[in-house]
Amino acid sequence: MKKRDRILLKETIAVNYRALQLWRKMAGRLLIAITASSVLEAAAPYVPLVFTVRLLEEIAGNRNPQRLVMLTVLLLSVSTAVLLLSSVCKRWNAAQKETAAYTEAQQYFTKLLSMDFCLVDDFRTHELLSQIRQNANWSGWGLPRMPEQYEKLLGGLTKIICSVALSASLFFKPVEGDSPLVWLNLPVCTVGILLALLGAAMLSPYLFNKGEAYWSKVGEDVKYGNRLFGFFNYIAFEERERAQDIRAYAQEQFFREKLASVIDVLITEKSQTAAYARGPMGAYQAAAEAVTRLLNGIVYLFVCLKALGGAFGVGYVTQYIGAVTSLSGGIADCIQVGGDMRNNVPYLNLVLDFLDIPNTMYQGSLTTEKRRDRQYEIEFRDVSFRYPGSEKYALHHVSMKFRIGEKLAVVGENGSGKTTFIKLLCRLYDPTEGEILLNGINIQKYRYDEYLSIFSVVFQDFKLLALPLGQNVASGVTYDRERVVECLRDAGFGERLATMPKGLDTNLYQELDENGVEVSGGEAQKIAIARALYKDAPFIILDEPTAALDPIAEAEIYSKFNDIVGDKTAIYISHRLSSCKFCDEIAVFDQGTIVQKGSHETLVADARGKYAELWYAQAQYYTE
Ligand code: ADP
């Protein structure tokens, strides 16, 4: 956090103010609860103080029984009422804080969901989010630290106001003229005491913050340690699939060694943190405490001497000492919070950077006209594309037209750009150059949700949800059960469906239901195909749809393919050429460009073409 030294007051205020606005939007009630509870809590000790002073003065003076009773009743009743109210607000505050923690976490989630896909897919977005999380895990840097700061700041300000109100008269009540202590009336004494007060209030937090600053010296180690703990925690508890690898390759030795090294750096008495605590960090903080005590001692002496000189009665000694002590406490709190808020600026900046990431994809407003005839024609016109942050073109000058109702296969080796082609078609990314047209109009001009609704896609790395089977297929809570069953049958899941304990209502996976059913990769793929069929969009896109299927299931899908897709325009991606023979047209991708196009027969006949090369290389697997 080198930048910290250069953070100015103006930046601290601006960044904290913006972050406070975030809190207000996320959890407005929390801010009200904090305000009420911190002001009341800070003010509560002054109430009995005020009445006690009056009571003591009365006891030392007139001793009027009526007044004594009234003051006692007031002391007890008002103090109790304020304390009760303060406790209620404190409780309310604590409850609000609990829910706010969830809201705070939720805003990252909400932001991710509302981001353009290309931003979510960008590793830099995840890197930023991961940094924010690491900072929050380590001492709550960033947003989580703010409620506590706000609370301390308001408490500090309340203390200052109350203390000034109660202690101001200390300086205006002179020692009686015939007292040997009359020199206490000299202005230099007043100035000296004010300086001592201010000194205690400022020097102490200064020293304290100097000590605290040692935390950031171990910041990098702590961050690395947290990351490591987080990672091992994740793979040990969250990634069940890893357990077999860990056992087969005795990987636990890595865990042990890595963790031992981190524990030594961070936690044990051998660690740098412990060395700092024993050394300068401890010394600074002890000095901070000593300064407060010493300078407070001087103020106490001044108050007592003035009382001795007859400036005021014994009751006021209690009032002034109480007020003066908490005045320096209040100032110290404010200065400490100020320092902490400044230290928090770089962490808040990361949060704001993340939340401010703008969606850059152009959002058009044209409607795709839900055409009954499904006459949707798509054309790639000289499209080139580079992934953000990458120098290399994943697609280069790709031009092609989809004929309506056609079954198109896209083939090519791994990494030749097939999936990228689909991502552009589904507008998960926009082309770097060239354009994609739907019925002659650039797809960017259509409403995004409407454009997406014309595609049913089974992505290569599709994911199902830990929800009931039927809801997975229908992508909704209420659905047409008969049609879901039909789609599952068409996708080859019919027999397996009969064995599902609660049919369509069987939960998939066990994350949310201990009786959930774990489906295999091949079964999941069939469910994903059924989901695409249920959507019944004019385009159906299957990206390596049979990769996890056994040969029998694969053959079953092909034999039914024409029935399944009906009059839809189908795009079928595969690196297994045998699975594409039934398509009307095949586009061959190589290093990001379309090198050949045609039917299987014409392509295989071109002996020098890429298709023939791939075909004969793979032929050994399917001649039998
Ligand atoms: P295929 O589907 O034919 O296997 P892809 O379309 O997945 O090929 O990949 C084409 C090229 O783009 C490859 O060189 C791959 O490394 C690169 N690529 C794919 N996804 C990304 C990404 N998210 N960021 C950067 N490069 C990528």
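Let me start with a convention: helices (H or I, at least four residues) and strands (E, at least two) are DSSP runs, numbered from the N terminus. Two strands pair if DSSP finds at least two bridges between them.

A word on the source, everyone. This is a predicted model, where local features need pLDDT of at least 70 and side-chain atom pairs count only at pLDDT 80 or more, while totals for chains, interfaces and linings use all residues. Residues are numbered from 1 along each chain as its sequence is written, and side-chain values use heavy atoms, with hydrogens and water left out.

Let's begin with the hairpin. β9 and β10 form it, with 2 residues between them. The two strands, residues 585-590 and 593-598, run antiparallel and are joined by 5 bridges. Ala587 has Lys597 of β10 as its bridge partner. In the turn, Gln591 has a positive phi of about 45 degrees.

Now, the open sheet. Its 4 strands come in the order β2-β1-β4-β5, with antiparallel pairing. At the edges sit β2 (393-402) and β5 (441-442), each pairing on one side only. α15 packs on this sheet and touches β1, β2 and β4 (433-438); contact here means heavy atoms within 4.5 Å. The direction of α15 makes about 60 degrees with that of β2, taking axes as lines fitted to C-alpha atoms, for helices over the stretch in contact, with angles from 0 to 180 degrees between N-to-C directions. β1 (residues 378-386) and β2 share 6 bridges, and Phe380 is partnered with Met400 in β2.

Last stop, the largest pocket, with a volume of about 910 Å³. On a 1 Å grid over the protein atoms alone, a pocket is an open set of points where a 1.4 Å probe fits, with protein on both sides within 12 Å along at least five of seven lines; lining residues have an atom within 4 Å of a point. The lining has 29 residues, with Phe117, Leu428, Val457, Phe459 and Arg531 nearest the centre. α20 gives the largest share, 4 residues. Thanks, all!

Key
Points joined across faces, edges and corners; volume = space filled by probe spheres on them.
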